[in-house]
Structures are given as C-alpha cells and as structure tokens.
Amino acid sequence: MDEVVIVGGGIIGASTAYFLSKEGRKIRVFERDPTYKNASFPLSLGGFRRQFFQKENILLGKFAKEFIFQLPDLLETKKNGKPTVSVVPNGYLLLFNKKQADEQYEALKNHSLCDAGTKNIKAEKLPNIFPWISSEGLETATYTDSKIEGWVDPHMFHSALKNKAIELGALFEKKEIKNLNEIKAEIIVSAAGCWTNKLLSDIPVAPQKHTIFRVKCPKHIPEMPLTGDLSTGVYWRPEGKEYIAGSPNSIFDTPNLEPEWNDFEELVWPALAKRVPAFEELKLTGGWAGYYDTNKLDNNAIVGKHPKMKNVYLATGFTGRGLMQAPGIGRGLTELITTGKYQTIDLSSFSVERILSDKKRTEPYVL
Ligand SMILES: Cc1cc2nc3c(=O)[nH]c(=O)nc-3n(C[C@H](O)[C@H](O)[C@H](O)COP(=O)(O)OP(=O)(O)OC[C@H]3O[C@@H](n4cnc5c(N)ncnc54)[C@H](O)[C@@H]3O)c2cc1C
C-alpha cells in the first residue's frame, strides 16, 4: 500500500509531488509518457500573470511570481545545483474593446483588493507607453510594468520541480493507469490534465486544441510584454529574436495535434498587423499545437477532494493557466491533504462539489 499516488507527472503532478514530499509524505507518481510529448505543459507559452477576474486566480498568479523568483533557492538540488527557468519578466498587456471594458473595470476592483499592482489606461494613451501599438478599436488596457508578470521556460520549470521532488524521495514511474481502482494507496491524487475525464467521468474537462505560430519580423521589440488583444482573441510575445502568437480558434474532440495552419493567414496575421503595424512584415517560421485542459462548465480550475470517493483528490481544468497555477495548486492540495483545510490561498471555490452541482463561476477572457 502506497502512502500517496499521483496519476500524471506533468506540471501539476510534479508540483504536488514536491510540496507533499517537503511535508515528509512518501509519493509515487505514475506517468504514462515520461517524454511528455503530448502533455500540455511543454507546449505552453510559459506565461505567469495576475491579471484575472477572480480573486483566487489573481492570488495564484501573485504566488507564481514569488515562487518563480525564489525558485533557484527553493528547488536547489545536490545533483543539479540551483536551477534556472529563463524568466523573462516583461509583464502582460491586455487590450479590451468598448463592449469588454466594463467587465475589466470590475476585474480591476479585484486586482486592487488583492494588491495586484496592475495599471489601467485609456486606449488612446497606449502609444505613449507602448509606441509600437495601434489603439484603433480599443477602449482600455491593463498592464504591469514592475517585472511581476512574464514567462518562463516550461520544460525547465517542470524539471526543476520534478528533480527536487525526487531528491526529497518521490518516485516517478512509467505506467498508464486505466482505472483508479488499480491503485492501492491511502491517498490518490489525479493530475491527469486534459485526460482527467477518462479516469473520473463526472469531471467536465476536455482536451481543447490551441495552435501557436512562430514568426519572424524585421523589427525586434525585445521589451514587448505578453500581449493579449481580447478584441480579437490573438495573443503574442517575443521568443528570442522571433515572436510566438496564439490563434483564437480552438477545437474540442480532435485526436491530432497538427497545427491549424490556415488560422495564420485567416485570423492571426490580420489581427497582429492591425494591432502592431510593424507586424505587417511577418514571415511564418513554424508552429505547434497543444491541448488546453478546458473546464467546459466555466473555464475555472477544479481542485480538491472528490466528494463521492473515499481517498481521491484531483486538480485539473486550468483552461490555459495550469503552468502558472502549479505552485499554488501543489501547495494548496498539500495543505488540504495534510491539515484538512487550505492554510494560505482559500481554493474552496474550485471545489469538486461546485462542479457536480453545476454552479458556474466563470473566469472570462481565456487566452
Ligand atoms: C498552447 C498552450 C499554451 C499555454 N500557455 C500557458 C501559459 O502561458 N501559462 C500557463 O499557466 N498555462 C498555459 N497553458 C496551459 C498549461 O499548459 C496547462 O494548464 C498545464 O500544463 C496543465 O498541467 P497538468 O499537469 O494538469 O497537465 P499536463 O501538463 O498535460 O500533464 C498531465 C500528465 O498526465 C499524464 N497522464 C494523463 N493520463 C494518465 C494516466 N491515465 N496514467 C498515467 N499518466 C497519465 C499525461 O501523460 C501528462 O504527462 C498552455 C497550454 C497550451 C496547450
């Protein structure tokens, strides 16, 4: 009988293994594909932000920043020394049209209550701060400029968490779990990402394909934040000397991870060129697609104990924000498992009970 078994060794599984191991728990992680070829985290943009509507998401974003900036010390191992995760703290810039503005003004009240340090400006003032942008058709924008949001290398982030968990005694094994009944453990944590529904059929999380394009532009703007234009749904950021940009088009129920190449000409390039005139001169250099772990009820995380099962906990449904939420979720699940309740950020509004009783708590503006 194992003490704790975690199903899925992705970013949530690795973070949970780290935090639980730190509390002295004996952890075994079952991961069916240790190359993580189709897992969500390596295909992500690595972004961490605090600009959300709901307080829990804002607070999880704040904790992500704290954790990432202390990571070299927190996750130092004897074998690998102090890990780095290539942090680029360029911030996030979110752009809203007139129809979307009121909701964002409401979100800003929560930013302020959570002391998020975000700023808000009228669209026409945008070029004063971001001279490369066209504010046409926009009403307002929010951003951070004090290096509290940005992005990391998702692979390095995962390796740092996993290596530290292993040093603390966690065991990672290659194995596919077909049914949770196979597992003999005091506690089971399902961290199976967008495939959770195969193990827990009452959890409404599904793989949703998102495509990312890599582009080259003669004009390099290295200080550009991760910019989300909510008026078109297109988002982008610098990546070395190039840029990467996400399509607003997403597809459920598709087994292939071939990028939706047509989206580039039809949706992404026109939106980029409209917002950043320098992007009229773009060359597509590559792309990939990955699955969001989408919560079909309300785009929000599902975290906690399953009320109908004796010893099963789960964390899924992050809908495009699981990488940045991994530290806060790993810590929160550990608090719940070891003390019976959340001690730091109260994540009870993400409970499985909420999902099973169909109580929506939508996080708007999924990027
Ligand atoms: C294009 C794209 C961009 C993104 N951008 C961002 C971003 O900027 N910021 C951010 O925070 N998030 C982002 N995300 C979302 C983020 O990647 C996910 O929310 C996060 O990876 C979810 O973590 P996870 O550990 O739950 O799932 P995963 O990373 O998918 O890991 C789950 C693991 O479970 C394993 N598994 C599943 N079922 C079983 C089983 N039955 N037995 C054994 N193993 C199993 C899988 O093989 C997999 O390795 C993005 C995602 C995509 C696709």
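Me: What is a polar contact, as the term applies to H306 and D202?

Reply: A polar contact is a pair of N or O atoms within 3.5 Å. This model is predicted. In it, the side chains of H306 and D202 make such a contact, at 2.9 Å.

Me: Where is H306, and is H306 buried or exposed?

Reply: H306 sits in the loop between strand 15 (302-305) and strand 16 (312-316). Buried means under 20% relative accessible area. H306 has 1%, so H306 counts as buried.

Me: Which residue does the side chain of H111 contact?

Reply: The side chain of H111 is joined to the side chain of T118 by a polar contact of 2.9 Å. H111 belongs to helix 3. Its relative accessible area is 2%, so H111 is buried.

Me: How many disulfides does a search of the whole structure find?

Reply: In general, a disulfide is a covalent bond between the sulfur atoms of two cysteines. Here the search of the whole structure finds zero.

Me: How many cavities does the structure have of 30 Å³ or more?

Reply: The general idea is that rolling a probe the size of a water molecule over the atoms shows where empty space is left. The search of the whole structure finds two cavities of 30 Å³ or more.

Me: What lines the largest cavity?

Reply: The lining consists of R49, Q51, F52, F53, L94, F96, Q104, A107, E363, P364 and Y365. At least two of the lining residues come from strand 4 (92-96), and at least two from helix 3 (98-113). By class, seven are nonpolar, two polar and two charged.

Me: Which residues line the second largest cavity?

Reply: They are R49, F52, T319, G320, R321, E363, P364, Y365, V366 and L367. Of these, five are nonpolar, two polar and three charged. R49, F52, E363, P364 and Y365 are found in the linings of both cavities.

Me: What is the phi of D253, and where is D253 placed?

Reply: Phi of D253 is also positive, near 55°. D253 is in the loop between strand 13 (242-252) and helix 7 (262-275). Exposed means over 50% relative accessible area, and D253, at 69%, therefore counts as exposed.

Me: How many residues surround the ligand, and which are the closest?

Reply: The ligand is surrounded by 36 residues, of which the closest are E31, S40, G47, I177 and M324.

Me: Which atoms of E31, G322 and L323 lie by an oxygen atom of the ligand?

Reply: For E31 it is a polar side-chain atom, 2.7 Å from an oxygen atom of the ligand. For G322 it is a backbone N or O atom, at 2.9 Å from a ligand oxygen. For L323 it is again a backbone N or O atom, at 3.0 Å from a ligand oxygen.

Me: Where is G328, and how far apart are the C-alpha atoms of G328 and S15?

Reply: G328 lies in helix 8 (residues 322-339). The C-alpha atoms of G328 and S15 are separated by 8.8 Å, although the two residues are 313 residues apart along the chain. At 4% relative accessibility, G328 is buried.

Note on methods:
Residues numbered from 1 in each chain as written. Predicted model: local features only at pLDDT ≥ 70, side-chain atom pairs only at ≥ 80, totals over all residues. Heavy atoms only, no water. Disulfide = S-S within 2.5 Å. Near = heavy atom within 4 Å. Polar contact = N/O pair within 3.5 Å; in protein donor to acceptor, adjacent residues only side chain to side chain. 1 Å grid on protein atoms, 1.4 Å probe; cavity = no way out; pocket = protein on both sides within 12 Å on 5 of 7 lines; lining within 4 Å. Points joined across faces, edges and corners; volume = space filled by probe spheres on them. Helix = DSSP H or I, 4+ residues; strand = E, 2+ residues; numbered from the N terminus. Nonpolar A, V, L, I, M, F, W, Y, C, P; charged D, E, K, R; others polar. Buried < 20%, exposed > 50% of the residue type's maximum accessible area, 1.4 Å probe, protein only.
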